[in-house]
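Dear colleague,

Please find below the structure that I am handing over to you. My notes on what was found in it follow directly after.

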Amino acid sequence: MCGSEQAASAAPITDGGPAGSIPPGAGSLPAGWSLKPAFPTVEPCPAPAPCGGLVFDVRAEYDTDAADGVQVIVKMYSSADAAIAGFAEAKKDLLDGEEPRTEIALPVAGADTSAGYTWQLRSQDGTEVSNSWAESAVLAGTAVIEIRMSKDPGEPSIAVLTALHTTIAARAREAQGGKTPTAPFVL
């Protein structure tokens, strides 16, 4: 099944309960990872605002030694077409900014398509790196998953980014199939 066929076969999630369980929580995280307090949050599109088919925006942040910051956004859309448009917008947003981006390969199992980039924030004279980032977006059915990881010193692990995306894509597919997401995040 190709990406557009997979997206078309995914059922939209219209209930915030299943959407909120897509980011992995305490029982699904590897050692050294924890979900920050007050997360995940589930925000519906504020009516009557035009949301381009966006139904829910689910956010989670994690504490880990693997990165200084890990932010996850799962956007649930009302249709495959709306999710495809949402992915295009997310990919465009990844390229916003003054710092040059380097495209990375992001082979995410369960994804229809993906995009990822790394970039570094440098001192004004350009000689010192103050922070490194890896940012990515994945389309999985009617879900668009965005992840931002930062690390200072050093660089965020692309392997960790890929594993987290693979986990969340699997959990989104489980929820779209009417199941409670249970896929664990394994490094």
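A disulfide is taken here as a pair of cysteine sulfur atoms within 2.5 Å. A search of the whole structure finds 1 disulfide, formed by Cys-45 and Cys-51, whose sulfur atoms are 1.4 Å apart. The torsion about the S-S bond of Cys-45 and Cys-51 is about 70 degrees, so the disulfide is right-handed. Cys-51 counts as partly exposed, at 24% relative accessibility; buried stands for under 20% relative accessible area, exposed for over 50%, and partly exposed for values in between (1.4 Å probe, protein chains only).

Two points on provenance apply throughout. The model is predicted, so local features need pLDDT of at least 70 and side-chain atom pairs count only at pLDDT 80 or more, while totals for chains, interfaces and linings use all residues. Residues are numbered from 1 along each chain as its sequence is written, and side-chain values use heavy atoms, with hydrogens and water left out.

Next, the nonpolar cores, each a set of buried Ala, Val, Leu, Ile, Met, Phe, Trp, Tyr and Cys residues joined through side-chain atoms within 4.5 Å. The largest has 35 residues, and Val-72 and Val-74 have the most contacts inside it. At least two residues of this core come from each of β3 (54–64), β4 (67–77), β7, β8 (143–151) and α4 (158–176); these helices (H or I, at least four residues) and strands (E, at least two) are DSSP runs, numbered from the N terminus. The most is given by α4, with 8 residues. A second, separate core of 11 residues includes Tyr-77, Ala-82, Ala-90 and Val-144. Leaving aside neighbours within four places in sequence, Val-72 is in contact with Val-58, Arg-59, Ala-60, Tyr-62, Glu-146, Ile-147, Leu-164 and Ile-168, where contact means heavy atoms within 4.5 Å.

As to aromatic residues, rings of Phe, Tyr and Trp (its six-membered ring) pair if their centres lie within 6.5 Å; planes under 30 degrees apart count as stacked, over 60 as edge-to-face and the rest as tilted. The whole structure holds 3 aromatic pairs. In one of them, the rings of Trp-33 and Phe-185 have centres 4.9 Å apart and planes at 85 degrees, so the pair is edge-to-face. Trp-33 lies in strand β1 (residues 33–35) and Phe-185 in the segment after α4, so the pair ties together parts that are 152 residues apart in sequence. Trp-33 is buried at 9% relative accessibility, and Phe-185 is buried at 2%. Together with Tyr-62, Trp-33 and Phe-185 form one aromatic cluster.

Glu-135 also deserves a note. This residue lies in strand β7 (residues 129–140) and is buried, with a relative accessible area of 8%. Its side chain is joined to that of Trp-119 by a polar contact of 3.2 Å, that is, a pair of N or O atoms within 3.5 Å; within protein, one must be able to donate a hydrogen and the other to accept it, and residues adjacent in sequence count only if both atoms are side-chain atoms. Beyond neighbours within four places in sequence, the contacts of Glu-135 include Leu-94, Arg-101 and Arg-148. Arg-101 in turn lies over the face of Trp-119, at 4.4 Å from the ring centre (the criterion being NZ of Lys or CZ of Arg within 6 Å of the ring centre and within 35 degrees of the ring normal).

Finally, Asp-65 is found in the loop between β3 and β4 and counts as exposed, at 71% relative accessibility. Leaving aside neighbours within four places in sequence, Asp-65 is in contact with Gly-32 and Lys-151.

With kind regards
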